[in-house]
Amino acid sequence: MTRPQWIRRVWKPAAFLLALLPFLLLAYQWYSDQLSANPIDDVTDTTGTWTLRFLMVTLAITPLRKVTGWNWLLQFRRMIGLFAFFSVALHFLTYIYLDQFFLWEEIAADVQKRPFITVGFASFILMIPLAMTSNDRITKWMGGKRWQQIHRLVYIVAIGGVIHYLWLVKADTQRPLTYGGILILLLGSRVWFFLKPRIAGRRRAAPAQDS
Amino acid sequence: MLLKRSDDIKSSEIAPESLYKNRRQFLKTAAVAAAGLASTSVFGVLSAESSPQNPQWKRPPASSFNTDEDLTPFKDATTYNNFYEFGTDKDDPYRNAQSFRVRPWKVAVEGEIRKPAVYNLEDLVKPYKLEDRVYRHRCVEGWSMVIPWLGFPIADLIRKMQPTSKAKFVEFTTLYDPIQMPGQKRPVLNWPYVEALRMDEAMHPLAIFATGLYGNELPNQNGAPLRTVIPWKYGFKGCKSIVKIRFVEKEPGTTWNISAPQEYGFYSNVNPDVDHPRWSQKFERRIGEFRKRRTLMFNGYADQVASLYTGMDLKQNF
């Protein structure tokens, strides 16, 4: 097999199954009664946490590719991004169905009055166009430039996701701040990769006259 | 003190749709319902009300001190709770408290009383007759349980200690021992944990010191060997693993109030009309049930305790 074939036939399916594991495990724990006394909270926590994790992984691909030169990483990004959406969709449905039991009035009040839900809800809504445009045909139809512009929304989504987590914990901010730290690194690296050639370019353009 | 008998609320009145008597059942019901195959008659009802450590134990008959609602199973009541001294996850107390040493245990009783002293726990509690108290327990986070505590009224101990006229509040302090309580290694809260009650609240016959649950000794993770239970307040007003009881004149600073004063007031009475700034307090999930239920004023103890707060604005004094 050629390298692209390996990726398509072996590595991608393997990554798919791996990414599915947390959800299979959750389903197994649910059916075998291994969740806590408050299983609905467990499902909410797990799907929320995995949304953040998948988002962080998708955001890690570009910096990792630039550092290592492993361009093949790019081929996994869409799948991981769609897993983030799968996870957030489950998270959202858990909230609507298991947590609020379709009490739309309560849900509307939550979205309006609870900042952590407002931010979480907005981030979820912003992920919908990203998921809808994660398809070869649509990407081609849109053109790469527009696709890229839309998909920059992921930065806002990730920031929103971390804030959502930070605002919902009672006192122990260790975990949300850890995600916040990782996100700062991932977004910071983009700033760095953007500025580095420009700084270097300016140095070359303006030789040491002032010193 | 005169105790008005309340018409005790029957669980059937609160949750007519309460078809879900235990967790396994509702999980399956939820899954089946989700799959569009809803059926309510498939699953039998298991008895979850026995005490695994004391087979002779039977729940007390319903009274104004004992609700007749379904008990939260022992396993759920002892593996899912907050006790940040052992970690901030709900199963951390159960995981990390097993080797916690509750003997010997000393309790200092001090402040505005006749004879301040340090007691061995056995000597401190010996004079009081332990009784079962089946109370609703409402966590500020929005979940609730029904727990059969074993304990005695705080009022009994207060009377014995003969507080002076300056004693307006009573303050409880949890042990500080980061070696045994690994959660205290991180400054999540201002350790040690301090809680307090106004004197008349502490004297109310519903307010108890608990030394056990389900007819047996208090498991470490539930606040052994001595904790307070104030059933009309949010759970965190109960102070666990108490080493100090202090009578004071001024309202003491309490741990969650210090941590986030705009979110956790000194009173923290269960009140469906006063939301936590970040979430609603109108509903609660009774552990083991599928649908949320409405939260009751003073956690269903309004008839007994509302008079403590006559004339107070409960939105201000939350």
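1. Chain A has nine helices and zero strands, and, read from the N terminus, its elements accordingly follow the order α-α-α-α-α-α-α-α-α. Please keep in mind throughout that this is a predicted model.

2. As to the overall dimensions of chain A, its C-alpha atoms fill a box of roughly 70 × 50 × 35 Å when taken along the principal axes. Of the 211 residues in this chain, 22% are buried, and among its contacts between residues at least 6 apart in sequence, 66% join residues at least 24 apart.

3. The contact between the chains draws 17 residues from chain A and 21 residues from chain B. On the chain A side, helix H2 (39-68), helix H4 (104-113) and helix H8 (153-168) each contribute at least two residues to the part that touches chain B. By residue class, the chain A side of this contact consists of 10 nonpolar, two polar and five charged residues.

4. The largest nonpolar core comprises 66 residues, and those with the most contacts inside it are Trp149(B), Val170(B), Ala210(B) and Leu213(B). Strand E4 of chain B, which spans residues 143-153, gives the most to this core, supplying six residues. Apart from it lies another core, made up of 19 residues, including Leu55(A), Leu59(A), Ile80(A) and Phe85(A). As background, nonpolar side chains in soluble globular proteins tend to be buried together.

5. Val170(B) deserves a separate entry: if its neighbours within four places in sequence are left aside, Val170(B) is in contact with Ile158(B), Ala196(B), Leu197(B), Met199(B), Ala202(B), Ile245(B) and Phe247(B).

6. Which residues of helix H6 (residues 154-161) of chain B are buried? They are Ile154(B), Ile158(B) and Met161(B), and because they cover an arc of only 65° around the axis, they lie on the same side of H6(B). As for their partners, the buried residues of H6(B) pack against strand E1 (106-111), E4, strand E5 (169-174), helix H7 (199-203), strand E7 (208-213) and strand E9 (227-229) of chain B.

7. A last point for anyone inspecting the backbone concerns Gln162(B), which comes just after H6(B) and takes a positive phi of about 50°.

Conventions. Residues are numbered from 1 along each chain as its sequence is written. Chains are lettered from A and ligands numbered from 1 in the order in which they are written. This is a predicted model: local features need pLDDT of at least 70, side-chain atom pairs count only at pLDDT 80 or more; totals for chains, interfaces and linings use all residues. Two residues are in contact if their C-beta atoms, placed from the backbone, lie within 7 Å. Helices (H or I, at least four residues) and strands (E, at least two) are DSSP runs, numbered from the N terminus. Ala, Val, Leu, Ile, Met, Phe, Trp, Tyr, Cys and Pro count as nonpolar, Asp, Glu, Lys and Arg as charged, and the others, Gly among them, as polar. A nonpolar core is a set of buried Ala, Val, Leu, Ile, Met, Phe, Trp, Tyr and Cys residues joined through C-beta atoms within 7 Å. A residue is buried if 20 or more other C-beta atoms lie within 10 Å of its own, exposed if 12 or fewer, and partly exposed in between; C-beta atoms are placed from the backbone. The arc is that of the directions from the helix axis to the C-beta atoms.
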